[in-house]
Amino acid sequence: MKLITIHFSLVFLVCSLSLLAQNLQLNERGYFTTQGLDVTVFDDIYPEGHQTGVSIIQHGERVVANGDLRLEISPGQWSPVPKGGSKLIDQEEQRISQELWYPDSTKNRKGFNPVIYPDLQLKYSVHVQPAEGNAFKITVDLEEPIPAEWVGKIGFNMELFPGHLFGKSYIIGGSTGIFTPAPNGPVTQQIDGELLGHKLGSGNSLIVAPASDQYRISFSSEKNKLELWDGRINHNNSWYIIRSEIPPGQTERVIEWTIIPNVLPDWTYKPVIQVSQVGYHPDQSKVGILETDPSINVIGSVDLYKHDESGIQLVKSMSLHPWGDFLRYKYYQFDFSDITEPGVYTLVHGEAKTHPFQISPSIYERHVWQPVLEYYLPVQMCHLRINEKYRVWHDRCHMDDALMAPLDTNHFDGYLQKSSTLTKYDPYEIVPELDRGGWHDAGDYDLRVESQIGTVWNLALMLDEFEVDNYDATLIDQKNGVVEIHVPDGQSDIIQQMEHGLLSVLGGYRSLGRLYRGIICNDLRQYVMLGDAASMTDNKWANHPGPGDDDRWVFTEENPHRELYVSAGLAAASRGLKEANPKLADESLQAAKAIYAAAADKVKNPTNRIVALVELILTTNNNDYKAELIALEAEIVEHFSRIGWVVGRVKSKINNESFLGKINQQAKKHSLELLANAKSDSPYGVPYKPNIWGAGWNIQRFGVQQYFFYKSWPEYQTDHLFINAFNFILGAHPGSNSASFASGVGSQSVLVAYGVNRGDWSYIPGGVASGTALIRPDLPELKVWPFFWQQTEYVMGGGSTNFMFLALAVRDHFNKQSTEY
């Protein structure tokens with residue numbers, strides 16, 4: 001009885017507070033809101049990323065998501081998901097209704113990640129409507145009653161984000177418990193076949209975090225029994241789940257929930273100061289951002305303190321200049337460009353305070369770009385053992401690569417083997433020369449050709465532009481299959497990394513007579529593996545390989561657009577390796593030429609053809625390639641916003657005044673558009689359109705392009721765009737988490753990331769996360785959580801090497817300026 005008394009007291013407390021609050025109201029952006037609380041309804045439909053359905057944003061943080069009908073208690077990444085239909089926002093009734101149905105025909109056994117749907121036709125609508133105070137109600141209507149064989153299997157789920165709840169309590173049905181950091185048994189098989197831990201509790205009401213004013217939420221239903229589950233038992237990346245089964249024989253209001261999130265009285269979003277977590281060169285423009293609650297007009301200043309032997313000393317108080325509204329916040333800018341004295345500094349505005357950052361002429365000489373080359377690239381290397389003193393990042397892996405993929409296989413992760421791309425190898429036959437080279441792509445272990453050549457290409461561009469070929473901090477021993485981090489071997493690390501990538505790309509090209517699409521594990525259980533890469537397969541070729549072996553598969557494809565991309569990368573690599581490895585340089589160039597010749601006339605979109613031509617011209621200075629590029633003048637002008645930065649690199653080698661005049665004219669026009677967009681899009685000084693995935697990779701790629709654009713047309717462009725893009729990655733980006741996206745770079749950075757070691761809640765130095773994502777329509781989010789690929793995943797092919805390029809570009813830009821002065 002004592003537990004029940006506590007329970008009802010807390011329900012009364014939550015309800016009492018809600019009555020004092022202003023009711024949730026539909027706003028102009030199409031969701032329910034009151035100060036300190038927002039309820040969104042299917043603004044995103046991305047359930048596999050925990051980003052769909054009815055979601056709750058409490059005190060500025062997304063705490064509940066994925067409120068929707070699901071066919072499993074704890075769905076996984078490849079579980080059936082509904083298809084979203086029409087959405088009705090009724091301002092008069094203050095109600096949002098979303099129509100959905102199973103199956104989604106666009107995903108049912110087809111698409112990038114085919115999903116196997118059961119034989120079930122289910123159409124339904126989810127309705128959300130405010131009640132008194134902070135309360136709102138969720139109801140669900142079905143078009144037809146659920147089939148008898150599905151009774152007990154279909155339920156309405158809502159998911160609680162675990163990261164905010166570890167160590168906090170819950171009360172359900174008169175019983176209490178604590179949210180534990182790790183899921184625990186006992187484990188039993190459910191009616192749908194899932195292996196789950198016993199439910200944490202059930203009842204007609206649930207109080208989440210009753211002792212926390214910040215995170216307390218009440219869930220209740222007079223009609224439906226609520227069940228609380230820990231979904232992490234069967235999926236590491238799952239959340240806590242609240243679920244009610246759909247009752248049989250009914251269609252109207254089969255679900256009726258009332259939810260009451262607590263809201264702190266007079267809560268407002270706390271200001272956030274956003275600057276580079278690394279710091280600034282003395283000659284660099286230094287514009288900081290203050291992100292604030294939109295309901296408050298900020299007064300006062302931002303104060304700059306310098307660290308010294310006695311503590312911190314006030315250096316300057318800066319006035320705030322309103323920038324305007326962006327997403328859901330109000331923004332101010334402040335300028336401390338006149339501060340040039342080297343030292344360590346901190347910025348303060350009220351309770352808001354930055355981590356320490358430096359101002360120094362040597363700011364980019366150490367601890368910035370080096371982690372990419374010293375850690376991230378070595379750790380991602382496939383087919384080698386990676387040691388770091390006492391630590392083994394992973395053992396020698398995938399030495400049984402690879403078997404030819406079976407024909408007409410629509411695999412997962414975008415791999416599709418068609419009979420039209422046959423090679424001399426039969427399905428399941430061993431393809432030689434694939435057991436060497438390459439890097440594990442992204443947070444998984446496959447080798448995609450674009451990520452392999454993209455990394456090689458970026459490294460080659462760095463050799464073109466910067467003095468990095470003599471950097472040596474790593475021993476790479478291909479003969480014995482071992483890498484030793486922080487053991488110099490007398491050879492250029494960047495050259496050795498390029499060679500490693502080409503071992504895979506050219507090895508496949510030699511063996512297959514064409515480029516591979518990629519090399520990937522053959523089973524989903526392998527694909528979701530968290531652990532040492534060497535444990536994915538037995539690293540031994542079978543005597544008679546076949547469908548039951550654990551060896552990875554190699555896929556081919558007919559994709560002239562991608563082939564031209566590879567041709568460009570090979571041509572650039574040939575330049576970079578000409579002195580260090582002339583034999584490999586020549587093979588790269590010959591392959592680049594052959595691939596270009598075979599693919600050039602097959603593409604409708606000419607962008608990659610133009611890119612490949614530019615790289616071939618820079619490598620060969622061949623007049624035929626130049627004439628071909630000039631003949632594509634109209635296409636270059638049409639697609640200038642995408643490939644102008646590339647064409648600018650070859651201006652000095654083109655002797656055609658008409659052609660140069662046209663592209664110079666287009667460069668001037670494009671520059672004006674870019675600068676206008678950078679000023680109006682966001683307060684961060686870069687064109688920025690937030691998306692469901694973090695924008696960091698796109699913005700740093702944009703920064704690399706603008707470096708070349710500025711170099712080619714300094715009369716039209718400024719250095720601000722590529723420098724601002726760099727600062728965006730380093731912390732000058734929206735949201736309450738202003739960490740550097742580059743792990744281990746800066747005084748605060750992403751240290752829990754979606755890398756190959758995500759199961760350990762860890763990171764890889766030099767890995768660069770995609771960064772702050774958009775929770776539609778307007779919430780910037782970067783959570784500390786290892787299983788958000790759309791926020792913290794690392795990737796090859798540009799994710800880290802574009803960052804490394806930008807760091808070197810900014811370093812050399814200011815070093816050059818200092819020398820000139």
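Leaving aside neighbours within four places in sequence, Glu-291 is in contact (heavy atoms within 4.5 Å) with Tyr-269, Lys-270, Pro-271, Val-272, Gln-274, Tyr-329, Lys-330, Tyr-331, Tyr-684, Pro-734, Gly-735 and Ser-736. This is a predicted model, in which local features need pLDDT of at least 70 and side-chain atom pairs count only at pLDDT 80 or more, while totals for chains, interfaces and linings use all residues. Residues are numbered from 1 along each chain as its sequence is written, and side-chain values use heavy atoms, with hydrogens and water left out.

Glu-291 belongs to strand β23; strands (E, at least two residues) and helices (H or I, at least four) are DSSP runs numbered from the N terminus. Glu-291 counts as buried because its relative accessibility is 0%, where buried means under 20% relative accessible area, exposed over 50% and partly exposed in between (1.4 Å probe, protein chains only). Between Glu-291 and Arg-328 there are 9.9 Å in space, C-alpha to C-alpha, and the two are 37 residues apart in sequence.

Strand β23 (287-292) also contributes two or more residues to the lining of the second largest pocket, as do α12 (657-681), α14 (720-729) and α16 (801-820). The most comes from α14, with 6 residues. Of the 26 lining residues, Ser-285, Val-287, Tyr-684, Gly-685 and Asn-724 lie nearest the centre of this pocket.

On a 1 Å grid over the protein atoms alone, a pocket is an open set of points with protein on both sides within 12 Å along at least five of seven lines, whereas a cavity is a set where a 1.4 Å probe fits but cannot get out; lining residues have an atom within 4 Å of a point. Points are joined across faces, edges and corners, and a volume is the space filled by probe spheres set on them. The whole structure holds 4 cavities of 30 Å³ or more. Residues lining the largest cavity include Pro-47, His-50, Arg-70 and Glu-159.

| Space | Volume | Lining by class |
|---|---|---|
| Second largest pocket | about 590 Å³ | 13 nonpolar, 10 polar, 3 charged residues |
| Largest cavity | about 80 Å³ | 2 nonpolar, 5 polar, 3 charged residues |

In these classes, Ala, Val, Leu, Ile, Met, Phe, Trp, Tyr, Cys and Pro are nonpolar, Asp, Glu, Lys and Arg are charged, and the others, Gly among them, are polar.

Elsewhere, an open sheet of 4 strands runs in the order β32-β31-β38-β37, with mixed pairing; two strands pair if DSSP finds at least two bridges between them. Its edge strands are β32 (391-394) and β37 (474-477).
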